[in-house]
Amino acid sequence: MKRTALAAGAGLLALASPLATPATAQAAATATAAKPMPDAPYWNASLPVEQRVEDLLQRMTLEEKVAQMLSIWLEKAEIQNDDYSFNAEKASARYPDGLGFYTRPSDKLGAGSPRVTPPRSIAESIVYVNALQTWAREDTRLGIPVLTHEESLHGLAARDATSFPIPIGLASTWNPDLIRDANSLIAGEVRARGVHQVLSPVVDVARDPRWGRIEETFGEDPFLVGEMGVAAVEGLQGVGKDPKLKPGHVMATLKHMTGHGQPQSGTNTGPADMGERELRDIFFPPFRQVIDRTAIDAVMASYNEIDGIPSHSNKWLLDDILRKEWGYNGAIVSDYFAIEEMVTRHHIAADVPEAARYALDAGVDIDFPDGVSFSTLLQQAKDGKVSRERIDNAVRKILTMKFNAGLFEQPFVTDTKPALASNGPKGVALARKAAEQSLVLLKNEGALPLALPAKATAAKPTIAVIGPNADVARLGGYYGIPRDPVTPLEGIRTLVGDRANIVTSPGVVVTKNDDWWADEVELGDPAKNARMIAQAVEMAKDADTIVLFIGDTEQTSREGWGDEHLGDRSNLDLVGQQNDLFDALKALGKPVVVVLINGRPPSYPNVAANADAILEAWYAGEQQGNAIADALFGRVNPGGKLPVTVARDVGQVPVFYDAKPSARRGYLFSEVTPLYPFGYGLSYTDFTFGAPTLSNATIRPGEGVTVRVPVTNSGKMAGDEVVQVYLRDEVSSVTRPIKELAGFRRISLKPGETKQVDIAIRPDSLALWNREMKHVVEPGEFTIMVGPDSMDLQEVKLTVAE
């Protein structure tokens, strides 16, 4: 029996209140649990998923199949009431055959800034998802549930969700266990709201810091990105290869396949100028690692083209490589509006129906976010322009996702307590730990850690906290809205208490608006900034130490998703008049400690040369203020390492540590070395590396080897070090990099403590793609290098015998 929108929502009103009890929530969900065809095999959870899929598929009409390939986002208003609540009657009128996916149920009207249209509360989100699933269960012929998804790049992008450091910050921890834990917590907060899929992680290898999306990545190295990507998926979905979701987990979406991270000219969606061997060496491995080692069931194609073929139409990429060569059996989803962009941007299709045919033929199964292109498949299939068998194959993958997610058994939220408790003490503590471990100390000439008297005295030190990023908690792109984000100034004031005088001034305005969603980006007024710099100097002139917070706003480093919404840059130095602010403060003759708050790797040569200390903090999440304060005053010893090489000048770009031997010969009038190397990061203590040894000096192809190195904390403070292992193939049939990361481990050592660190090198790390494009290990000599970064290394020789 069909229910009206009013009736469908009435039983769920109990969930709207934060005081809703589990009993009332269960009653509400039970009231919506009637199933069409309750005796059909596809409802029988004891049957194999494959059998349930085939039973349901053979019952579906062509209309119902195509409906499963669609989603909705920008046109949400058409299925909602004026108060943004779900309207079942409108949904049935627009989607009489059901709907496969729903894009971001936390937002009310699709794309747009949450500052303009605040997202739903937790309770409102649950009511909405339950109403959506009630409609799908009771008001569609077969009762197929809807798979909802959210963004969760570094925390659920919704209200009252825990916010972690952006991915490039998480990568700076060099701690896969922490990345796994963070994503596990994210998954729990997402699932508690009735959402079963997230669009993360990003495993693009990022090789160009001009690209605004570099903040969304785990950096420049395929091995590091692969390990972090595997850990992220394991946190979201659970460890192992079982695709069935357990409680508290969600389906991850691996993105973006591929070459996205080194776009031509550094501009988002630009062509990826690379050959097959470079793809296989650098850009494919993180995707392959995740597919081989996890239960990933969704991969997103990338916006860019490779060798003239946009990824969403690239059958070699999505079918020959991803499916046939790697054995991937899950779904391929489109990036937002990417199929239509084959008409509007790439100009390889005359119209949207033709673009839909290209995508379907290449292997794309799902059209995000609105199904505009794939909505044309119904008529095209009736006209014989597209294969009905190909549609069936896509729908099989979609139904498999839904059965594996447990949606046919329980699509409803029946207990609101876990969701309402999100961003609680556990999340806050983990966000703080992640922020602490992400901090990278780039320079320290004795200025850090800052000293404080044990208690308040009459002669208190004065600390000037200056800069446009001092009193704002910058969260980066795809951000959520945590309950209580802590700014650096707040963190410092809380830690210092009455033991020091804190004076503060913003110094300059970088951008007049800092809304990541806003299209227009306008720099601060120069005349006003000049006055503000003078005010900051006056404020700081009597300070004992100046702590300067500079870098980016969410507008100066972001995804450039359209011609009217840009985010990439041709210059990597400080934006606006921040260098003027630094120079004016430095002229006071006071120690100047710089804290970088940014989403892209810093290339600040003036600051690098003249600051007394530099702490890279990235966008460090909701607990950035407390973590930064703890690091500045020595409560936390920074132990993060750079996951990217930092260019000295934009003319060096693209710059990465694993260059080929013929690269980097040198420049006239400039250095060829980077400002900071990959893997670099200092500490408040000193670490001494002993000579590395190998478990075997000679191995055969297909075997791995273990590197052992003793590491001693030879300083006076406990701290973390990241032991990094690199290798070089000395003579090979095709050119190889001068060094490649092959293993790492973050360790903690007390003063005077020594640990023997064993790091296994996998057999595939010794392999190359030879001239016949075969993946082989060639016999010969390898140099194994061990150290704290990619430059300060000790060597040992390994022989791979015939």
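Tutor: Ala, Val, Leu, Ile, Met, Phe, Trp, Tyr, Cys and Pro count as nonpolar, Asp, Glu, Lys and Arg as charged, and the others, Gly among them, as polar. The model is predicted: local features need pLDDT of at least 70, side-chain atom pairs 80 or more, while totals for chains, interfaces and linings use all residues. Numbering starts from 1 along each chain, and side-chain values use heavy atoms, without hydrogens or water.

Student: What pLDDT does the chain average?

Tutor: pLDDT is the predictor's confidence per residue, from 0 to 100. A score of at least 70 is reached by 96% of the residues. The chain average is 95.

Student: How many residues in the lining of the largest pocket are charged?

Tutor: A pocket is an open set of 1 Å grid points that fit a 1.4 Å probe, with protein on both sides within 12 Å along at least five of seven lines; lining residues have an atom within 4 Å of a point. Here 27 residues line it, with Arg280, Asp281, Pro285, Asp764 and His775 nearest the centre. Of the lining, 13 are nonpolar and three polar, and the charged residues number 11.

Student: Which element gives the most to that lining?

Tutor: H9 (222-237), H10 (276-293), S20 (740-749) and S22 (768-769) each give two or more residues. With eight residues, the top contributor is H10.

Student: Why is S20 largely enclosed, and what is the bridge partner of Tyr726 in that strand?

Tutor: Eight of the 10 residues of S20 are buried (under 20% relative accessible area, 1.4 Å probe), so the rest of the structure largely encloses the strand. S20 pairs antiparallel with S19 (719-729) over nine bridges. In S20, Tyr726 is bridged to Leu741.

Conventions
Helices (H or I, at least four residues) and strands (E, at least two) are DSSP runs, numbered from the N terminus. Buried means under 20% relative accessible area, exposed over 50%, partly exposed in between (1.4 Å probe, protein chains only). Two strands pair if DSSP finds at least two bridges between them.
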